[in-house]
Amino acid sequence: MTIKEIIKYLDDWAPKETAWQNDNVGIQVGRTNAKVKNLMLCLELTPEVITQAIEKNCNFIISHHPLIFYPIKKLDLDFDSNSKLIEKLLKRDITVFSAHTNLDFTKNGVSFILAQKLGLKRISFLKNLELNQFKISVFIPASHVEKVTNAIFSAGGGIIGEYSSCSFQSKGQGTFKGSDISNPSIGSRGNFEKVEEIKVEVLVDSWKLKSVINSMLAVHPYEEPAYDIYPLANKNLNYGAGAIGYFEKSLTVNETLNVISKKLKSNNLRFVGGSAKKIRKVAVCGGSGSDLIQEAINKGADAFITSDIKYHTFQSAHNKILLVDAGHYETEIPVIDEIQKRLLKLITKRENIKILKFIGSTNPINFYSKMRSHVN
Ligand SMILES: [Zn+2]
């Protein structure tokens, strides 16, 4: 199996087009045509990750945080740590790929997995992505409806939430008159024709639009198929930021903090109390999710769990929502298990490729207490 094939799978799950516009997701360093030897998963690239990858004969690393985030102006191999990492990767022929905010925004991505880890049920997105869908309407002679709609569905059109092959079909009459040099598949040139046609309407994600249109055109019987494309203001049910769900039963604030601390192995929770004494409906966002606090309040969540929360943000959430900062690393690391699980399913044993998680922690943050100190 090639690196490219694995990237294709990851891109179908977490399309790069859904990433935050200033993000740098996808290939970071290396080639994609190579066959995968072994594969290593990590939250971010460090010298230790590369050392372990070399030891385990991995030529492909998938990291959540991009290795290259800001444009590189120079590769200073003596003084710049990122440059040194890139040098090492190139010398060892290791490819690095990153799925960052696109992995945050997909189903069973960073926030969904965080919610599952905390034991939440009935999980949905906290805030769906919007304005990234089109509706296409295609006019098809009745005889070819199945063929054309199948082509549209196979190319990824017609997906609404957990439903695929969604379309609306209405019967009508199409009319046309071909010019002297036309080549009509029904009727003859120069004649006014009336044909029973079906109007098929489907939703299409913006990044699939081109391939859906091309697939439709490839099997449509008309010389000049008629179709319309409309931009939509819909919420996209399949992609969004954060997640929201419910504990199976209400917990006290203390019990909630206990669950978070235990499940995320997070010993240093920072929090402010909200208005609810009992916690049932909980919103989460893996990584820096402060922007979503108001959304969590609007949706009636009793608690919001995320990281990188500032002092004044805590201050303004006080008495409104139980706001918990459980750590950036701690809220994101659970997704690595999900990537591993999915790739193990994709890559059959026959391939003899190991899907390894980096053993150790790449969390740069240490905690000090007078009682005990812990250094990563
Ligand atoms: Zn992050």
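This is a predicted model: local features need pLDDT of at least 70, side-chain atom pairs count only at pLDDT 80 or more; totals for chains, interfaces and linings use all residues.

Reply: On helix α7, the face turned away from the buried side carries the exposed residues K210, N214 and A218. Residues are numbered from 1 along each chain as its sequence is written. Helices (H or I, at least four residues) and strands (E, at least two) are DSSP runs, numbered from the N terminus.

Helix α7 covers residues 209-219, and its buried residues are V212, I213, S215 and M216. They lie on the same side of α7, because the arc they cover around the axis is only 165°. That arc is the one spanned by the directions from the helix axis to the C-beta atoms. What do the buried residues of α7 pack against? They pack against β6, α6 and β8. Contact between two residues means that their C-beta atoms, placed from the backbone, lie within 7 Å.

Two strands count as paired if DSSP finds at least two bridges between them. In general, the strands of a sheet pair through backbone hydrogen bonds, either parallel or antiparallel.

Within this sheet, β7 and β8 are joined in the antiparallel sense by 10 bridges. Across that pair, Q169 stands opposite V200 in β8. Strand β6 (residues 133-141) pairs with β9, again antiparallel, over six bridges; V138 has Y227 in β9 as its bridge partner.

The loop between α6 and β7 holds S165. This residue has a positive phi of about 55° although it is not a glycine. Most residues other than glycine have a negative phi. S165 is partly exposed, because 14 other C-beta atoms lie within 10 Å.

Further out, the protein is divided into domain 1 (3-100 + 334-357), domain 2 (110-128 + 240-332) and domain 3 (132-232), with bounds that come from an automatic or database domain assignment. The centres of domain 1 and domain 2, taken over C-alpha atoms, are separated by 29 Å. Five residues from domain 1 and seven residues from domain 2 make the contact.

Another open sheet has six strands in the order β5-β10-β12-β13-β14-β11, and its pairing is mixed. Its edges are β5 (121-130) and β11 (270-272); each has a single partner strand, so one side of each is left without a neighbour in the sheet. The twist here averages 25° from one strand to the next. Helix α5 (residues 110-117) packs on this sheet and touches β5, β10 and β12, its direction making about 140° with that of β12.

Strands β5 and β10 pair in the antiparallel sense over seven bridges, with N128 bridged to G240 in β10. Strand β10 (residues 235-252) also pairs with β12 (residues 278-288), antiparallel and over six bridges. In that pair, V282 in β12 is the bridge partner of G245, and I244 stands opposite A283 in β12.

One more loop residue is D308, between β13 (303-307) and α10 (311-317). D308 has a positive phi of about 60° although it is not a glycine. With 13 other C-beta atoms within 10 Å, D308 is partly exposed.

How values were computed
Axes are lines fitted to C-alpha atoms, for helices over the stretch in contact, and angles run from 0 to 180 degrees between N-to-C directions. A residue is buried if 20 or more other C-beta atoms lie within 10 Å of its own, exposed if 12 or fewer, and partly exposed in between; C-beta atoms are placed from the backbone.
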